[in-house]
Structure formats: structure tokens, C-alpha cells
Amino acid sequence: MGEKRPRSFYLLAAFFTAYVLFLYGPMFAIYILSFQGPDGGLTFPMNGVSLVWFGKVFSGSGIVDIGASFKRSLQLGLVVMALTVVLSVSAGMAFRRSFRGATFLFYVAIASLIMPSIITSLGIALEFRLLDDFIIKSGVGDWTTAMGLFTSGLGAHLTWTLPFGLLIMFAIFNRFDSRLEEAARDLGATPWQTFRHVVLPIILPSVVGIGLFGFTLSWDELARSSQTIGSVNTLPLDLQGLTTTVTKPDIYALGTLTSAVSFLVIFLALLVILVLQARQRRHGSDAGKGMV
Amino acid sequence: MSKSSKLNSRVSRRAVLKGAAGVAGIAAGSGALTGFPYVHAADPKVLRYLGTAVNEGDEISKKCLADTGIKIEYITATTDDVTKRVITQPNSFDVLDTEYFSLKKLVPSGNIFALDAKKIKEFDNITPVFTKGQLPNGKKIGDQGTAPWKVLYLEGANSKTFSKTPTEFVTLIPTVYNADTLGIRPDLIKRPISSWTELLNPEFKGKASILNIPSIGIMDAAMVVEAGGQHTYADKGNMTKAEIDLTMKIMTEAKKAGQFRAFWKDFNESVNLMASGETVIQSMWSPAVTKVRSMGIACTFQPLKEGYRSWASGFCVSKAVTGPKLDWAYEFVNWYLSGWAGAYLNRQGYYSAVLSTAKANMTADEWGYWMEGKAAVGDIKAPDGTILEKAGATRDGGSYDDRMGAVACWNAVMDENDYMVRKWNEFIAA
Amino acid sequence: MMLVFALFFLLPLLFVTIVSAWDYNEYEMIPAFSLRGYSDTFEGCIADLPNLCTILKTYLKTLKLCLLTWVLTLLIGFTVAYFLAFHVRSKTWQIVLTLLCTIPFWTSNVIRMIAWIPLLGRNGLVNRGLEGAGLIHQPVEWLLFSEFSVVLALVHLFTFFMVVPIFNSMIRIDKRLIEAAYDAGATGWQTLVNIVIPLAKPGIVIGSIFVITIVMGDFVTIGVMGGQQIASAGKIIEARLNALQFPAAAANAVILLGITILIISALTRIVDVRKEL
């Protein structure tokens, strides 16, 4: 570091802090209210202070198995994340050379963003209904439905995450210096080698970003899943379903726990990275520099 | 599918344990879900139960498993999502928990199975509120709106037409119902409330709320209009276009004047609005009032002189259900009506469909408090053991006969529903 | 990718479009060609002149909310992205700060929405704080269930959608360009206007596409934060759907799609995000 920060740094840092505080605004209410007393509700006033709601999250008593839907959402989110990254990066690469249907694909992606999620959801449900009818008619016994978490549910989520992934790829490849690739090709690298050793390292942090974005979008997705998920719900759907009856502060406790665990993981990861960097500096090695 | 999804969850649990191997596990899991062969041999009796969380009790499913060996898998969704799923994916559930007024929309889709009344053991003991529109003591009750007996029977096993006279083909077996009215915060209002007109009283500007379901919200408004003597409806649950215009005009004026704080769309929102003091008067459900009260906040389920707006729900079976599953569905419904579940519902402040069996499963004190309007002798407890009311309390609105006897209308879908929804959108945009 | 879209978007979209041209009555839809879903939507648009009809009023309101949200998310998002891209120097810290902004989104929106009441309500944290500080004597009512709260929640949700693409196009800017500008005597402001903004334009447009498309179709946030009393294009569709009037809902969705595509294509006409790939 060493060199002095300009004044604008502190102004912007203050702005950023304010933005983060704003982001966490409702979260503070959640954090505080998750320590609500046993008779307390979801709003102020606080009715005593206790940890009972944290216990409730773990004991899993309740109508729906939050733990199970948590895992389901996590699985779905991770698969969506992986597919979003792979498909977005390859589509992003493809768009750098113009191909037939490029404009069409671009507008389809945009349209997929615009279409209200509930309508997309409904359309997918109709499609699978027809598919089911077709399968049953063609004589497969005991067929119930092709709908499920990793068929229609996954598809629905991808129509939501892919447009984001694709458009962010546009931002990433914007003014990407193609001379680097040409140089690699001139040195006899195969297209895959060029991608693997030249392009990927440069865009890697952004690609990680897309993955994170994809996961977050899928994790929090509600309307698109509502008609496409079949007979098992994702976490947001279960939580929303729960609001149709007596809802207790255990959902806040879940929120507090999620945040706490995320903070812990990030803090630990940061610690590891800093320690590794310090060690690298000590050993004077430049391997992996610029990787993190 | 239940088979393979179970396998899937087993795979995933292991995957989660392994942590780093997570992604591989998921890949395996997704493969299992699409391609796993269906095995019949050790099939457990599983029913997929689609409904809102209101009637889905953990205790109910546990007790049901213990009594009948049927495992209930709850699929919880909002009221709106439930009805949509019935239309779009009849294959994703077996038993459906829905309200009578939805039937007018659901039956034409052809996705509802006509149940055989003869296979329902307690069918003849179901309260006459459903079958004849009268109390057990013979008193006739309000029949405006989509009253259950209007949509209870079908003309034939595959018919989509409701029969006016009893047949053996039943659309929906009633389980739970109630009489709704306004909930109020007596500590903030500080004066007696006795009429529906108070909902639109400017005194409560910015502190009133109604339900955000157009077909029900408009009926609450109609109760107000009629109570204020502006118009008498032939049927509040089936208005003419002119009546819709009139009601919406009054609602629009109230909205423009800032009468409503918010419209609530689920149980939890109604509790939060009331408990936080955002609203002091709003249409509400009985257990929601109980919930607010159990937080130590004064809240009354206020009986009003014009009467209650009632609703009823129960079980439908998906047309996609066949074979042994259908038998389990009948077994489940029969179990549900056999008393234990009824008592459970009664203790939450709802009413159960077969009164005699529920009574046998409740203490005399519980029955006296919830059903007969008597003062509680001991503390009244919720099914989970928390104290709802102290000894000496009486229920708002009194006994079953007093409350159900004062029903003025039922939740409904109108013949002019399409027009009404258009007007509702206009009302929101105003 | 095309396959995914074909299977899970284009085909469903086709069904939706077909359904939008079906006839329907109060209780069911009838598979016969009819444009009633469309004509009903524009009911009274000519008859009611000079007053605006429902659909126009609704779209005006939606556009207003959309515009406000867009301006605010752009300003905040740009500033945040600028800070992250130019002032946070190590990649590690960039990632950590990004994650910090992502964590709130890992608590389900269903829960976060509920939490606005205890934050902004009559007895909420903000009102309590203001009263405690002696700034107000009566709780401020317009904090919740108003256009203010709708825009606030939308900005809260979607600023990050602006940050990500803008940040990504900013880190592509060659730092030497900016140094050169300074060396040539440009002020910070001049550098910003003449170098950073033009070069970050694709990111800005992409972020704008995200925000505009989502807000145009939103009904959940506008519904909850507006106390279900504020009209939006998405909300009309939702009301129709919940009444199970699928053809009308589908027709409205097709209209919404058409209008928003027009906005977006106008936007991409100004800046072609695909030109400089």
C-alpha cells in the first residue's frame, strides 16, 4: 500500500459504507427480532429476549421440513450456478464472433428477463403437462410426472439466470484485448489451450462473480418456481407457504444463522488468503500472484 | 416419483456430509430423479397433500402415520399458488386441501376426482351446515355467495356440472370452516364496534385493511355498503355488473381518501399489521386474532350485527390418482373425519366438519369454551400446549350456533368474475 | 444455451401466446380463437377520453416507478462500482466486499420483505429512532406502504444488478488511460465524464437492461411494499392469473413483453452492447 489515498477515496468509501448499511437495513430488524422472546411475534415490540427460535430452527419442528428444502435449494442453486457459468462463458465466447441467430438469441435472452416470472412458470407447466399426457398416452405405466426439481425446476431457473450471465459476459468481454489470443495462436496454441491459459485466467474473477450471481438468483427465486417445481418445494416456496399460517420468529432466526455462517466462512477464507499471501511474500515467490 | 425423490434426498444427504463431494452427489441425484426405475415392492403408503399451511399440522401427519400407516407429504403453497397448481399440474399432488369457492374454477378443469359419498364413513354425520345449509338445530343460515351445498355434488362421476340435489358424487369433503368478521384493536379504538360500516369509517383513516383477494375483498366492501343502507344486494357473492360498479366506486373513494393502510394477502401479514399497530381494524381470521392476543396485544374478533362472512375448506382428490393410492386417499379422508383431527382444528379456533367425533376427542371444558360459548374452567391451550386463554375467558362471538347461525354470506366466485377482476384492477390503478 | 431457451422459454412462450388468443368465460378457458383477452385490456381507452383508461394509468405508474428506480440504482450502482473498481486495489478485497453485498440476498426475500414492517412501520426502528432523536413527534406514515417504500425496496433489491455489470466493464478500463488523463492535466471530473463513463457505457446499459426489465414486470415488491394498493403492469397480470383467467393474463404479458422490448431496443440502439466484444 504505502502511497496516500486521495480524498475521493474516503468520500467514496463512506458512500460505499452507507450503501452497505442500507443493504443491511432490513437485516438489522431480522437480527434483532430473531432474539424475540418465546411469546414474541414478527414485529416490534420485543417480547422478552431469548434464544428459543434458534433452537426451533434446529429441532425442525413445524409443518414443513425447512432443513430438507434448504438442502434442495442448495443443490439446485449449485447446479444452476455450474450450468450458468459454463453456458454463459461459452455463449459469451460465441458472441465475440458473430454467428447466425446471434441477434435472435440476444433478444430471446432479454425477453426471458422481461416476461413476468409467473407467466414463464405457467408456460413451462403447460409444456410439461402436455409432455406428461403424451407419455401416459404412449403407454408408460405408473408414470406420474416429468416435473421435478432438476427437470422443469432447473429449466425455469436457467431461463432466469442465463440472461444475467450472458449480459454480464458482454460486459466482461467488452474491449477484451484479442491480441492476446492472437499471440497465443501464433505460438501454436489450440483454441482450447488459448482459452484455458490465456482467456480464462483474465476473466476468472468475473466468472466467479457470475457463478455467485447465478447462485444467488436461483437461491432466492420464487415466482418462476411456483408452478414448475412439481411436488417438492424450494426453500423460498416453503417459507412463503409458511406465511399462510402462524409464522414465528424462527424464520428470522434462520436469516440470522444464514448470515452468521456466511460471515464466518468469508472471514475464514479471507484469513486463509491473507496468511497465504503473507507467506508468499516472505518466500519471495511470485507464483500465483494476481490470482486472488 | 416419490420413490426416486427419496433416493435423491438420500444421495444428497450423503453428499452434504461429504461436503466437498457435493457437486458429484448432486449430479448423481439428478440422474436418479429422471431415470430411476419405479419399484413397487416395498412401497410405503404416501400421499402428497397440496394446500396452504393453515391446515397442515405436523401433529396431524404424525398421528395419521401412527393410526393408518399413511405418510403425508405436505406441499405447502399460498392460496393462489394452490389453485394455479391444480390447473397446471394435476400430477404433482394426490390430495388437495382447498376452499369451496375455488371449486367453481377447479371443477371445469376436469382435474378433480368425484369422490364416492358411500365410501366416506361419516358422510351422513357431516354437519348439516354443509349438506343442507342449516345448523344442527334446524336453523337456516345465510346462503349468499358460493355456499358449500351449492357446489358439493356433481351430476355424475365424470361430470363438470354441479348438481342441485344430493348425489353420490362429491367434489370436496369438508374438514374445516369458520365465520369471519372484523378483528379490532380495542386498546387503540377505545369504543365499542358493532357494525361493518366501521371498516370504512374515516375515523380509522390509514388504519384499516381488507383481504387482497378481489372476490373476497369486494364482499367485505359489500357488507359495509349494505350495513350503511346504501344498497341491498340480492346476493353479495354474485353481484350484477351495476352492483360491482357501485361497490367498487365506494371502495375507490375510500382508497383515494387513504382509508386502507395495506391489503393483506396471507395469515402472517394480517397478524403483523395488527400486532405492529399498522392497522386497528381489518377483516381477519379467528386464529390470527388468537395469535395477536397470545403476544400480549389486545385484539378482539368482533361480532357484528350484520353477521359473518363464512368460508369452508376440505379435501379434493386429483383425477390423476388411481389404484391403491385412491384407497389410501379414502382411508385418509375417513381418518381425518374420525375425530382426532377435528378436535385439533377446533382447538385452534376453527370448526370441524363432523362435530360428534370431534367432541369425543375434546375435554368437556374445551368443548364448552370453543363450541358452546361457555367460560373456560381451566386455561385453554393450543394443540402445541401454549396457553391461548386464561381460565374464565369466553370466546368472541359465543357459541357455534351463535356464530355459524349468524353467517350472512360465503366466500364466493361470481358469475361476473371476469368483469369484477377488471374493475378491481381499475380500482388499484385509481 | 439455445436449447435451454428453446425448451424452457420459447416453447412455453409459444403456449402462452396461443393461450392469450383463447376465449374464456367466468369459469374456464375455451380453446377457440378470440382476441378478447387483448380487447378487454384496452377497455375504455377510447370511450373514456380525455381521462386515461386503466391500462394506460397502470403503465404510466409502472413507468414512473421504473424511471425512479432506474435513476437511483444507476447513481448508487455507478458510484459503488467506481469505488470497487478504482479504489479497492487488491482482488481479494474486491471479492470480500462483493460478498459482503451479497450476503443479505442469501436470506430469502420472503423473510426480508416481512422485515420492512418492523423497520419502517409506525412502531418501527426508523420511526423510533427519529422520535428518540426528537426530530418528529408523530410516527411518519409514508415510510411504509407508499410509493416511497416501493422505490426504496426496489432500489434495495436491484442496485446490485447495476453494480455487477458496471464493475465488470470498469475493470476492463486500462488504468494507464486514466493516468494519462491526469498527466495531461484533466481534473477528476473531466476524467470521469470523458473517459470512465464512455468506456463503462456497455456496463451501464446492461445494468439498465436488468433493472428496467425486472421492474417493469415486478408485482411482488410493488405489491407488498405498496400495501397492494399501487398499480403495476405485473400486478394486473397477477390479479388475472389468481382469478385463473389465463388467457387475459397471457394477453397482458404479451403486451408487456412488446412494450418492454421496444424500450430495450431503443436503449441498445443508443449503445450497442455487442459491438465491442
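**View 1. Helix α8 of chain C in the predicted model**. Helix α8 (residues 175-183) of chain C is hardly covered. Of the 9 residues in this helix, the count that are buried is 0, where buried would require 20 or more other C-beta atoms within 10 Å of a residue's own. C:Gly185 follows α8(C). The phi of C:Gly185 is positive, near 90 degrees.

**View 2. Secondary structure and burial in chain C**. Chain C contains 12 helices and 2 strands. Taking contacts in chain C between residues at least 6 apart in sequence, 66% link residues at least 24 apart.

**View 3. Secondary structure and contacts in chain B**. Chain B has 18 helices and 18 strands. For this chain, 69% of the contacts between residues at least 6 apart in sequence connect residues at least 24 apart. Two residues count as being in contact here if their C-beta atoms lie within 7 Å.

**View 4. Dimensions and burial of chain B**. Along the principal axes, the C-alpha atoms of chain B fill a box of roughly 65 × 55 × 50 Å. The radius of gyration of chain B is 23 Å, which agrees with a compact globule, because a globule with 430 residues would have a value near 22 Å. Buried residues account for 56% of the 430 residues in chain B.

Notes. Residues are numbered from 1 along each chain as its sequence is written. Chains are lettered from A and ligands numbered from 1 in the order in which they are written. This is a predicted model: local features need pLDDT of at least 70, side-chain atom pairs count only at pLDDT 80 or more; totals for chains, interfaces and linings use all residues. Helices (H or I, at least four residues) and strands (E, at least two) are DSSP runs, numbered from the N terminus. The radius of gyration is taken over C-alpha atoms; the globule rule is 2.2 Å times the number of residues to the power 0.38. A residue is buried if 20 or more other C-beta atoms lie within 10 Å of its own, exposed if 12 or fewer, and partly exposed in between; C-beta atoms are placed from the backbone.
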